Amino acid sequence: MADWEEVKRLAADFQKVQLSSTTQKLSERNCIEIVSWLLEKKMIDLIFTSDGKEYLTPSQLVQDIKSELYVNGGRINLVDLAKLIGVDLAHINAHINDVLKGQKDIHSVLGQLIDSSYITKIAGEINEKLIQQGQINVSKLTIQYDLPAEFLQQTIEKNLDKLIFGKQDKNDPRIFFTESFIARCKARIRGALGGLTRPTPVAAILAQIDITEKLFFSLFDQTSMYGNLTSRLAGAQYIPNVYARSQNEWVQNFYKQNGYVEFDALIRIGISDYKNYIKKQFANEKILQLNSCVVNQSILDRIEADIDECISSKSYVDLQTNLPSVFNENDIKLVLDKVLTNQKLQQTLVLNCFVISKAFIEKISKDCDELVKEKAKKSVESGKYQQYQTSLQVSHKSLKFDDVEEKVDKREERRKKAAGGKTGGGTQGRETKTKSTKKPGRTTTKQVDDFEEKKVVLNILTEEDLTSAIQMPLEEEGLDELMQPIIDYLLPKLNEQGIEIAGNIYATTIADRTANRRQTHNEIQNKLNVMVGDIRLYEKGLKLLPADCQAQLYKYLLKTHCTDVVTEILNYVAAEQNLNPVNENFNNDQRLKFINDLPQEYKTPLANLTKTLSGQSVDDFMAAVEEGLAACSMIIKKIDKKKDRTTILAHKHELLEKLNSCTDVALILHLAILVIFTTATQNMLHASGRHLSSLLTFLKQYLSEEEYSEFMLYYDFVTLMLAAGSESENAKEKLKEKYPNIVKIANEYKRPGAEK
Amino acid sequence: MVDEVTRKTLSNIPLLKIKAGPRDKELWVERLKEEYQTLIKYVSANKAADNDWFRLESNKEGTKWFGKCWVIHELLKYEFDVEFDIAVTYPMTAPEIALPGLDGKTAKMYRGGKICLSDHFKPLWARNVPKFGIGHAMALGLGPWLAVEIPDLIAKGVISYKEKVAE
């Protein structure tokens, strides 16, 4: 039964255990409940750790933060801090201010806590670095320490001269350097600058001495006594004093020696801003700025003296050789502008780079005077001058008419002129050409030139004439290169002079002419009367011939003598109207054109007259002539039959005279036949060689048998000869043998009636 | 399946070795001894953990057990009578713990106040015969049942707090 006892004992033990008081202990759950209740009631302030299993009081957190900061060497990131302490970052942030409060040596920078020990540390580091490198840039430190520049700046400035021994750059507060560094840099700069003798770009210097641009410029003032900088900018140049001095010396010496300084030379020695340089350098000098150089007074004086001398000696000066060779044309022009006073300008002529005294030119032009006179005379004699005058008038007239008659007229005029120019002989055409190729503007007569170029140009003297005239004297003087300009200058003047002379000559001739006008009028009237009389007689003679010949002979008569009459009349009218004299070989069209230009009073009668020339009837012509002459205030004298006889006789004698002195075998036949006709019919005949055969047939009745056969034979030989066949030579020989016989017959021929 | 909570509870309760029921005379005594030792351990462990939640005593033979158990809910202590018999088939079958005070008040109870144990308790017990004893039945059977049912019953107003419950 020991077992039951044991059971009983165990039961008692069990009871005892059950009755024993439970230990007074708060379970974890209770604790959490209590704490959360307390928190709820805001009786305590606690911070949960991030795993939620622990609480912290704020003061504990602050303490923790401080100790962590200390453990981490004075600098800790807030995120790291949150991890290390095991609380949420928000709590850390919330309590950072508590940490900072009352703790001036702790700073919160960019999410990091930094205390004074750390600052001291980095200050020490920075100082070391500064000593090592000589110069420190805050921006570089920011990269190294991963701290804001401002903070570092403050730190450094605060510790300057305490922990960090250096100097702050005045121009750039972010840069610090040590005295020794500055001294080193200065020494370097001084060395580099001292070694330079020519202008050097700052960049090149910097590359050599390995100093920053800013530093260089800030130190430059303290170091440089050897030269200047062109500017404070990156592209500046350093110009050593030595160089500037030698430059100046060179310029001054050159100027003193030569009296001028060339801009090119300045540029060559490295003075690009030469204008200012010169202003500075020669501030006290009396200088003249030219295109390519500056020049001093002495050179100007010299030139002035040269020109004076040139004027007084009546010669010329070549400025190109008298001035330094660097002077270009513009310079010379400027110099001349300066030197030549108005008075001198009147006495000289400037061509290219030559100053020529007017006297000299006059001398030359005098040489040409003879030539000009001669030419002028020629031009008047050849009628060119008159042509020029009339065309001048015409162009003036057309100018006047321009307003009224529109441009068509003018254009026509011009076209006519152009046509006239083409046909009017080679010389004039060429002259127009040379004139137009000439450079205008050289001489003072430019405007007139232009004006005349458009209109009418009469060159009394051609360029070639002048050239040949002045070549010799100029070559002797060695001025042949000035030939062209001198010609350009002289030619218009001489031409003007020539035209004047020609005008004078013409005027005198005109004066003569007006004096003689009355006489001329009478002369012409008489002449025309004679001519018209001849024509009438010719016509009378014509009528004797068989009718089939008559038409041809009428035509011939109109073509020859009648045309002469018309030409004569037209010439008279032309002279009267001061128009171009009618040419001998005027054709019908030209005549008509000429007549069209005449005033109305002449126009109609003369036009009618001209028309009859191409007609068939001499009677018509005679009537028209009368009318035409009336227009010219001339009268045809009444027919005087007594006078006819003498006229015919005179005509016959004339013919015989011609016949006897003639040697042309063909002409002899012609004349002989005419003589026989005149003698036989007591009438005059005007016929060409073509009509000879029909004349011979007509004369058969008046001739003896032998005479007739002799003439026929002779005639045959003549035709044979003129045919230019194989026998022409032979025929010529024969004719030579026979012609004395023919002459003899003609001379001895008597009118049959008279013999009877 | 033995879950984590169960395992932890079990770790505080020594396992039994002797397989004997009330009919087994000698062996039952041995068994009873083990039961007591187990209970003592369990209770003292509970007390140490400030987790004392029942009182038990038995008759002389150790076949009838009775006592009290309590639940603290919202800082109020609710106390209930507890009783159960050791059946002859014990330890093959688990003891049927009854809370006569709650008879008829909840659906999870058989007639006579026997609590309706969770489905997995019985197979758990069956697997652990004879290692489980009365302590295990209390810890794994009644404990969880109380923890689940009482707050529910209080909320329904089926049971209410009685001041000064006789100790």
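Leu288(A) stands opposite Val295(A), a residue of strand 14 of chain A. Strands here are DSSP runs of E with at least two residues, helices are runs of H or I with at least four residues, and both are numbered from the N terminus. This is a predicted model, in which local features need pLDDT of at least 70 and side-chain atom pairs count only at pLDDT 80 or more, while totals for chains, interfaces and linings use all residues. Residues are numbered from 1 along each chain as its sequence is written, and chains are lettered from A, with ligands numbered from 1, in the order in which they are written.

Let us stay with those strands for a moment. Strand 13 and strand 14 of chain A run antiparallel and are joined by three bridges; two strands count as paired if DSSP finds at least two bridges between them. They belong to an open sheet of three strands in chain A, with the order 12-14-13 and antiparallel pairing. Strand 12 (260-262) and strand 13 (287-289) of chain A stand at the edges with a single partner strand each, so one side of each has no neighbour in the sheet. On average, neighbouring strands of this sheet are turned by 15° against each other, direction ignored. For such angles, axes are lines fitted to C-alpha atoms (for helices, over the stretch in contact), and angles run from 0 to 180 degrees between N-to-C directions.

Which helices lie across these strands? Helix 12 (residues 241-258) of chain A lies across strand 12 and strand 14 of chain A, at about 130° to strand 12. Helix 15 of chain A lies across strand 12, strand 13 and strand 14 of chain A, and runs at about 75° to strand 14.

Helix 15 also leads us to helix 17 of chain A. Helix 15 (297-312), strand 14 (293-296) and helix 16 (319-322) of chain A are among what covers the buried residues of helix 17. A residue is buried if 20 or more other C-beta atoms lie within 10 Å of its own, exposed if 12 or fewer, and partly exposed in between, with C-beta atoms placed from the backbone. In helix 17 (residues 329-339) of chain A, the buried residues are Asp331(A), Ile332(A), Val335(A) and Val339(A). Why do the buried residues of helix 17 of chain A line one face of the helix? Seen down the axis, they fall within an arc of 95°, so they line one face; the arc is that of the directions from the helix axis to the C-beta atoms. An α-helix has 3.6 residues a turn, so residues three or four places apart point the same way. The face of helix 17 turned away from the buried side carries the exposed residues Asn330(A) and Asp337(A).

Now step back to the whole of chain A. It has 34 helices and 17 strands, and of its 756 residues, 25% count as buried. Two residues are in contact if their C-beta atoms, placed from the backbone, lie within 7 Å. Among contacts in chain A with a separation of 6 or more, 61% are between residues 24 or more positions apart.

Next comes the place where the two chains meet. Chain B gives 17 residues to the contact and chain A gives 16 residues. On the side of chain B, helix 2 (26-48) and strand 1 (54-58) are the elements that give two or more residues, and helix 2 of chain B provides the largest share, 11 residues.

Strand 1 and strand 2 (residues 64-73) of chain B pair over five bridges, and Ser58(B) has Trp65(B) in strand 2 as its bridge partner.

Finally, look at the loops of chain B. The loop between strand 3 (76-85) and helix 3 (121-127) of chain B holds Cys116(B), where UniProt, in an unreviewed entry, places the feature "active site". UniProt positions are given in the numbering used here, feature names are shortened, and annotations may be inferred rather than shown by experiment. Cys116(B) counts as exposed because it has 12 C-beta neighbours inside 10 Å.
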